[in-house]
Amino acid sequence: MPSITTTLPPVGLKAYFSFKDPIAGQIRSKLITTDTKIPLEVTSVSSMIEMRTFDMRNPYTYVYMPLGLTETDFDQDYANDVSIITFRHLGPKNTVSYVRVPLNYISQYSETLDITYMNKCLVIDLGKQHTLLDTTVVFSELSDVILSKLGIICDMKEVQIGEVDVLTQMDHESLETVRQNAITVRKPLSVKYEELTHAHSQLLARLQALNITLE
């Protein structure tokens, strides 16, 4: 029976885990990875007694057999009350897999998991519009919102996709009338904030001139 060489990982921990033979290959095969250090999240920690009592599952058939471990391995671990760790693995195309491992078969784990970065795009579908419509007039306001809410300076551009529809001049003018009538003039939040701040300052100055103190 392998000895326990790591501390008990807490539920919710995301870290790189490596495992001892003979189960290391079984785990890599199940999770479809060749990595010896596998990014995993701990979803539960339980004793074998708890697994039998509350989950109504046999730890040998549920944990040890799928890992290629023998009944002798199970008996020794059961006698020593070895904890069972359940891991969640996020694989290719965000496929999720789970694997359960006795604590004494964990070789080691890191304390932190690297954070994955990817290029992100926000897509705003305007539907089919005429090709001369200038969308750049909203770029500045949209950029301000993204910067103020997300703290990101973004690169914005227009992209035309899909099939082309050809409309008569009459149909085009009809659609343009509807679109332009739907336009509302709204001040950006930054402008509204500046106006409110200015009005507040003027109000305080007026109250001070009248010797009025707000408590």
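These legends walk through close-up views of the structure above. The model is predicted, so local features need pLDDT of at least 70 and side-chain atom pairs count only at pLDDT 80 or more, while totals for chains, interfaces and linings use all residues. Residues are numbered from 1 along each chain as its sequence is written, and side-chain values use heavy atoms, leaving out hydrogens and water.

View 1. The whole structure holds 6 aromatic pairs, where rings of Phe, Tyr and Trp (its six-membered ring) pair if their centres lie within 6.5 Å. Planes under 30 degrees apart count as stacked, over 60 as edge-to-face and the rest as tilted. The ring centres of Tyr-64 and Phe-74 are 5.4 Å apart and their planes lie at 75 degrees, so this pair is edge-to-face. It links distant parts of the chain, with Tyr-64 in helix α3 (residues 59-64) and Phe-74 in helix α4 (residues 71-79). Helices here are DSSP runs (H or I, at least four residues) and strands are runs of E (at least two), numbered from the N terminus.

View 2. Phe-74 has 6% relative accessibility and counts as buried, whereas Tyr-78, at 32%, is partly exposed. Buried means under 20% relative accessible area, exposed over 50%, and partly exposed in between (1.4 Å probe, protein chains only). The charged end of Arg-52 sits over the ring of Tyr-78, 4.9 Å from its centre; this requires NZ of Lys or CZ of Arg within 6 Å of the ring centre and within 35 degrees of the ring normal.

**View 3. Glu-41 joins Arg-88.** The structure has 3 salt bridges, each a side-chain nitrogen of Lys or Arg within 4 Å of a carboxyl oxygen of Asp or Glu. In the one between Glu-41 and Arg-88, the closest N and O atoms are 3.7 Å apart. Glu-41 belongs to strand β2 (residues 38-46) and Arg-88 to strand β3 (residues 84-90), so the bridge ties together parts 47 residues apart in sequence.

**View 4. Lys-128 and Asp-165 bring two loops together.** Their side chains meet in a salt bridge (2.9 Å, N to O). Asp-165 lies in the loop between α5 and α6 (169-181), and Lys-128 in the loop between β5 and α5. Lys-128 is exposed, with a relative accessible area of 54%.
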